[in-house]
Amino acid sequence: MSENSKTLDHTNEGDYGGNISLYKENGVFDWDIWQETLLLGSYYYVYPFSNIVGGYLAKRFGVKLVSGMSMLFSSILTILIPLIANSGFGMFVAARILLGTLQGPIAPSVHSAIGQWIPPLERSAAVAIVSSGNSMGPLLTFPVAGIIADQLGWEAVFYTTGGVALLCSLLWFAIIHDLPCDHPRISEEEKSYIEKAMESSQEA
């Protein structure tokens with residue numbers, strides 16, 4: 001089967017009347033709709049449970065370590081996806097499950113960081129900004145990924161996104177700190193403001 005080969009399928013759509021020509025585009029993998037559904041859904045099989053575990057781990061070991069390791073291993077796995085996909089469908093599904101497991105702790109870790117860094121009166125805005133990233137990420141990535149896949153091949157999408165995520169994870173370890181009192185680059189004024197706001201909220 002050639003890459004991006006197309007077959008013409010004439011089907012009668014009774015609801016609309018007449019014959020409509022539908023083009024079916026086949027990629028490099030000969031998967032049916034059930035396999036595709038399984039593959040797409042497998043990311044979420046363990047993800048909800050790793051959310052719960054991630055919250056505990058963030059509290060136990062700190063946001064920096066938990067989120068950083070999640071991003072680091074997720075980025076490496078993403079870079080390896082083309083190799084894994086070519087190794088077999090079962091391997092690809094297992095990799096998707098593992099990817100969801102690795103990324104599950106990130107969301108609760110971020111909210112833990114908000115609780116440790118953001119004064120109570122500013123937390124609603126912080127949560128809104130962070131949550132908007134869940135929409136902005138796909139909004140920016142999907143069209144770019146389409147261009148990359150069209151120009152360089154589908155594998156390049158995983159190499160690019162995985163490489164960017166790997167860089168971000170390394171930057172995360174370099175600049176992120178668990179608590180304001182541990183951060184060497186914020187001003188004493190800002191540090192004092194955060195700590196006093198936290199103390200006031202605990203006393204209230």
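Me: Where do I start? Which elements does the protein chain have, and in what order do they run from the N terminus?
Reply: Start with the element list. The protein chain has eight helices and two strands. From the N terminus on, the order is β-β-α-α-α-α-α-α-α-α. Keep in mind that the model is predicted.

Me: How much of the chain is buried?
Reply: Buried residues make up 26% of the 204 residues in the protein chain. The accessible surface comes to about 13200 Å². Carbon and sulfur atoms account for 64% of that surface.

Me: What do the contacts say about sequence separation?
Reply: Take the contacts between residues at least 6 apart in sequence. Of these, 64% join residues at least 24 apart.

Me: How do I read an aromatic pair?
Reply: A pair of aromatic rings is described by the distance of the centres and the angle of the planes. This structure holds eight such pairs. One of them joins F29 and W154. The centres are 5.5 Å apart, with 70° between the planes. That makes the pair edge-to-face, because the angle is over 60 degrees.

Me: Why does the pair of F29 and W154 tie together parts that are apart in sequence?
Reply: Look at where the partners sit. F29 lies in the loop between β2 (19–26) and α1 (33–41), and W154 lies in helix α7 (residues 154–175), so the pair ties together parts 125 residues apart in sequence.

Me: Are F29 and W154 buried or partly exposed?
Reply: F29 is partly exposed, with a relative accessible area of 23%. W154 counts as buried, at 19% relative accessibility. The cut-off for buried is under 20%.

Me: What about Y43 and Y44?
Reply: They also form an edge-to-face pair. The values are 4.9 Å centre to centre and 75° between the planes. Y43 counts as buried, at 13% relative accessibility. Y44 counts as exposed, at 52%.

Me: Which residues form one aromatic cluster?
Reply: F29, W31, F89, F92, W154 and F158 do.

Me: Which residue lies over the face of F61?
Reply: R60 does, at 5.1 Å from the ring centre.

Me: How many disulfides does the structure hold?
Reply: A disulfide is a covalent bond between the sulfur atoms of two cysteines. This structure holds zero. Among its cysteines, C168 counts as partly exposed, at 41% relative accessibility. C181 also counts as partly exposed, at 43%.

Me: Last one: where is S112, and what is it in contact with?
Reply: S112 sits in helix α5 (residues 106–117). Leaving aside neighbours within four places in sequence, S112 is in contact with A58 and V63. Then check D178, 66 residues away along the chain. The C-alpha atoms of S112 and D178 are separated by 9.6 Å.

Methods:
Residues numbered from 1 in each chain as written. Predicted model: local features only at pLDDT ≥ 70, side-chain atom pairs only at ≥ 80, totals over all residues. Heavy atoms only, no water. Phe/Tyr/Trp six-rings, centres within 6.5 Å; stacked < 30°, edge-to-face > 60°. Helix = DSSP H or I, 4+ residues; strand = E, 2+ residues; numbered from the N terminus. Buried < 20%, exposed > 50% of the residue type's maximum accessible area, 1.4 Å probe, protein only. Lys NZ or Arg CZ within 6 Å of the ring centre and 35° of its normal. Contact = heavy atoms within 4.5 Å. Areas by Shrake-Rupley, 256 points an atom, 1.4 Å probe, with all protein chains shown as cover. Disulfide = S-S within 2.5 Å.
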